[in-house]
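I am opening a notebook on a structure that is new to me. I want to look up its pockets and its charged pairs.

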Amino acid sequence: MLEVKALCKSYRGLPAIDNVAFTIRAGEIVGYVGPNGSGKSTTVKIVTGLLEPNTGQVLFEGKSIRLNLDHYRASFGYVPEEAHVYTHLSGLEYLQLVGRLREMEEPLIDLKANRLLALLGLESWRHSPISLYSKGMKQRILIAAALLHDPKLLIFDEPLSGLDVLSARLFKDLLQQLAAQGKAILYISHVLEVVELVCHRVIVIAKGRILADAPPSELKTSLALANLESVFAQLVKQQDTQSVAQELVQTMAVHHV
Ligand code: ADP
Ligand code: MG
């Protein structure tokens, strides 16, 4: 469904991503993990058509997304990392706006928006301005907005941030049911336990390059490691966090020079 081919993007001569390529098929949940600054958001901005790559291309159902960006935008739902939503609108008004932008019929927007708000525990808040919502509530509104037009492709950038335990669990179940309906899902996250649990494949990116693209179980077996977190640490050769933590505490305890 989605094919990402040989993407390169530099900012002022510095490569942010280098030769990034992967595919996501219908019914697949693909995790995209990497340290801060590794190029995850740059990839997502290119995949959502917000940013043009220097070279490479993104194909949706076999066609370049650049051929008809408006058509493509109606085909995916996107939950961004930060909620730049129109905070003066109420939750319901925001979903109505999104539905109109997606050219949905008014009665259908109202039916689906109200149902989604109720299912996500926001029914009693639907007429309150989003500015009064907590981080987790804003996140749930963004999730509702991404589902409203029944897109084939869903892109979630750190969707669990700010969600309480129950909402996070609901989200995990939702991912699995979306995949069962044949949706293609790109799931960017730092929460490796969840990635390991729900993703069919995980892509590990560091310094703009893809280091691995395989099912979590395969990554664990081939590296003989117990969990995805150890695989991640090994692949991206993260600093020795224990000794850094120790030095932080030692530095903190210095009172005289
Ligand atoms: P991630 O989302 O994995 O944390 P990003 O894709 O945001 O990583 O960033 C990848 C690299 O590109 C980083 O080195 C970052 O500093 C750089 N970068 C991202 N956006 C810009 C920008 N608008 N201008 C200059 N450099 C950028
Ligand atoms: Mg990012």
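My entries on pockets, salt bridges and a surface patch follow.

**Ground rules.** This is a predicted model, where local features need pLDDT of at least 70, side-chain atom pairs count only at pLDDT 80 or more, and totals for chains, interfaces and linings use all residues. Residues are numbered from 1 along each chain as its sequence is written, chains are lettered from A and ligands numbered from 1 in the order in which they are written, and side-chain values use heavy atoms, with hydrogens and water left out.

**Pockets.** I took a pocket as an open set of points on a 1 Å grid over the protein atoms alone, where a 1.4 Å probe fits, with protein on both sides within 12 Å along at least five of seven lines; lining residues have an atom within 4 Å of a point. A volume is the space filled by probe spheres set on the points, which are joined across faces, edges and corners.

I looked up the largest pocket, and its volume is about 710 Å³. It has 24 lining residues, with Y78, P80, Y94, R102 and L142 nearest its centre. Helix 3 gives the most to this lining, four residues. Helices and strands here are DSSP runs, numbered from the N terminus (helices: H or I, at least four residues; strands: E, at least two).

Next I checked the second largest pocket, which holds about 560 Å³. Its lining counts 22 residues, and L116, L119, L147, L174 and L178 lie closest to its centre. Helix 6 gives the most there, seven residues.

**Salt bridges.** I counted a side-chain nitrogen of Lys or Arg within 4 Å of a carboxyl oxygen of Asp or Glu. The count is nine. R209 and D18 pair at 2.8 Å, N to O. R209 is in strand 10 and D18 in strand 2, so this pair ties together parts 191 residues apart in sequence. Is R209 buried, partly exposed or exposed? R209 is partly exposed, because its relative accessibility is 47%; the cut-offs are under 20% for buried and over 50% for exposed, with partly exposed in between (1.4 Å probe, protein chains only).

I also found E61 with K152, at 3.0 Å, N to O. Both sit in loops, and the pair ties together parts 91 residues apart in sequence. E196 and K220 have their closest N and O atoms 2.7 Å apart. E196 lies in helix 7 and K220 in helix 8. Shared partners join R25, E28, R201 and D213 into one network.
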